[in-house]
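Student: I have a model open and would like to work through it with you. Can we take it one question at a time?

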Amino acid sequence: MKVLMFGWEFPPYSSGGLGTACYGLTKSLSKQNVDITFVLPCSLNTSESGFINIISTNVKIKSIKSILSPYLTSQSYYKIKDKIQPQIYGDSLFDEVYRYSEEAKRIALEENFDIIHCHDWMTFKAGINAKRLKNKPLIVHIHSTEFDRTGGSCINQYVYDTEKEGMEAADAVIAVSNFTKNKILRHYGINPDKVHVVHNAVELKDCDGNENFEIKRYDKIVLFLGRITLQKGPDYFLYAAKKALEYEPDIKFIIAGSGDMEPFIIEKAAELGIADKVLFAGFLQGEDVDRAYKMADLYVMPSVSEPFGITALEAMRNGTPILISKQSGVSEVIQHCLTADFWNIDDIADKIIAALRYKALHQSLKEHGSLEVRKFNWDEPAGKCINIYNELLTKCGG
């Protein structure tokens, strides 16, 4: 089986869960004898094989010269374009998405494939073009919706319309959780019969948790790791930190990541009088991510709207207890964790204190979480995707 796959981030150049998911899924699909041509926007002056982690002989990377990048907004697109200023790129983010989709036609004409698989809204028009050219089944994979990214306010109508167009044109829609499927049904009016839930997973690896960290001699460590944006709830993390510190002053709260809310969060920490207790680690990659988890006594994911939340599984893989938002897809599939509504600052603070203060609770979360996460691997989601591929090919007479 041959799949033409459109994405917009892939390790080692990843800034969020989408790249992690695309890598894990692609790797497991390739192990199950699926040939994949993975198409990416790329503005790097490097070869197609040199800038990417090559994971299998039956995964081929194709790049389209573009400055499209993960979690891009209209404002950030203009800033990037002003710095580069080449004439080939679109005048606006949406012009560039259109240009990218037109460039995708060339690849669709060149490649031989049975299925088209697209990840999130920036690739949907490209997938629709490929479907029209080759009359092959189209799958759109929803890792996040405009309602997740904006918290339901200030919806970008163009993005929403593109998401809806892609889902309506698709022969099947994959949602990363029931939480996401319900959003798709409620906000986009998509036929529930073609929406399939395929939960994400995590790549399992040995994570030695015996490393010593100087900071832990004096303080307990509570970690936030993710984009510092409205969707991820960094403000709720900060408000909960303020309350927890009233009872447990020997806690350091580490915020690892970057995003548009970062200046606000820095100023708010000072305003709340806890600037000396909140450390900003910046955007982390590679081994530094695992080191951050290992350093932490507790990982907190207070997302306002989290379609899945792979970071929770990454923390568990590193033996770190977790406290996650009930408004997350990952909460559907794990048991050995603490949960709270993202808006319930008192509950979050109480559970932070409990996880740090009570050794039996902390040890139970650590041990049982480490065991539970072993059941997650990308082979199962890949198998579910292959079943969807086969179902569509049978239906379409492929």
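Predicted model: local features only at pLDDT ≥ 70, side-chain atom pairs only at ≥ 80, totals over all residues.

Student: Which helices hold K243 and D346, and how far apart in sequence are the parts tied together?

Tutor: K243 lies in helix α8, residues 234-245. D346 lies in helix α12, residues 345-357. The pair therefore ties together parts separated in sequence by 103 residues.

Student: Is K243 buried or exposed, or in between?

Tutor: Buried needs under 20% relative accessible area, and exposed needs over 50%. K243 has 33% relative accessibility, so K243 counts as partly exposed. D346 has a relative accessible area of 44%, so its class is also partly exposed.

Student: How many salt bridges does the structure hold?

Tutor: One network of salt bridges links K60, K62 and E111. Another salt bridge joins E146 and R149. For the structure, the count is 23.

Student: Where do E146 and R149 lie, and what is the N to O distance of their salt bridge?

Tutor: Both residues lie in helix α5, three residues apart, about one turn of the helix. An α-helix has 3.6 residues a turn, so residues at that spacing point the same way. In the salt bridge, N to O is 3.4 Å.

Student: What is the relative accessibility of E146?

Tutor: The cut-off for buried is under 20%. E146 counts as buried, because its relative accessibility is 6%.

Student: D120 is buried, so which side chain of opposite charge is nearest, and how far away?

Tutor: D120 has a relative accessibility of 4%, so D120 is buried. Yet D120 has no salt bridge. A salt bridge needs the nitrogen within 4 Å of the carboxyl oxygen. The nearest side chain of opposite charge is R149, 4.5 Å away.

Student: What is in contact with D120, beyond its neighbours within four places in sequence?

Tutor: D120 sits in the loop between β4 (115-119) and α4 (124-134). Its contacts include W8 and L18.

Student: What is phi of D120, and where is N33, another non-glycine residue with positive phi?

Tutor: Phi of D120 is near 65°. N33 has a positive phi of about 65°. N33 is exposed, because its relative accessible area is 65%. Its place is the loop between α1 (17-31) and β2 (35-42).

Student: Which residue just after α4 takes a positive phi?

Tutor: Its phi is about 55°. The residue is N135.

Student: What covers the buried residues of α4?

Tutor: The buried residues are F124, K125, A126, G127, I128, N129 and A130. Their cover includes helices α3 (93-110) and α6 (157-169). It also includes strands β1 (2-6), β4 and β5 (138-142).

Student: Which residues of β5 point each way?

Tutor: Five of the five residues of β5 are buried. L138, V140 and I142 point one way. Pointing the other way are I139 and H141.

Student: In which sense do β4 and β5 pair, and what is the handedness of the crossover?

Tutor: The two strands pair over four bridges in the parallel sense. H119 has H141 as its bridge partner in β5. The chain crosses from β4 through α4 to β5, and this β-α-β crossover is right-handed.

Student: Which residue of β6 is the bridge partner of V140?

Tutor: β5 and β6 (residues 172-175) pair in the parallel sense over four bridges. The bridge partner of V140 is V173.

Student: How many disulfides does a search of the whole structure find?

Tutor: C22 is buried, because its relative accessibility is 0%. C118 is buried as well, with 0% relative accessibility. The search for disulfides finds zero.

Student: How far is the C-alpha atom of G152 from that of V304?

Tutor: G152 lies in the loop between α5 (146-150) and α6. At 42% relative accessibility, G152 counts as partly exposed. G152 and V304 are 152 residues apart along the chain, and their C-alpha atoms are separated by 10.0 Å.

Conventions. Residues numbered from 1 in each chain as written. Heavy atoms only, no water. Buried < 20%, exposed > 50% of the residue type's maximum accessible area, 1.4 Å probe, protein only. Contact = heavy atoms within 4.5 Å. Pairing = 2+ DSSP bridges. Right-handed = clockwise from strand over helix to strand, strands pointing away. Lys, Arg positive; Asp, Glu negative; His and termini not counted. Disulfide = S-S within 2.5 Å.
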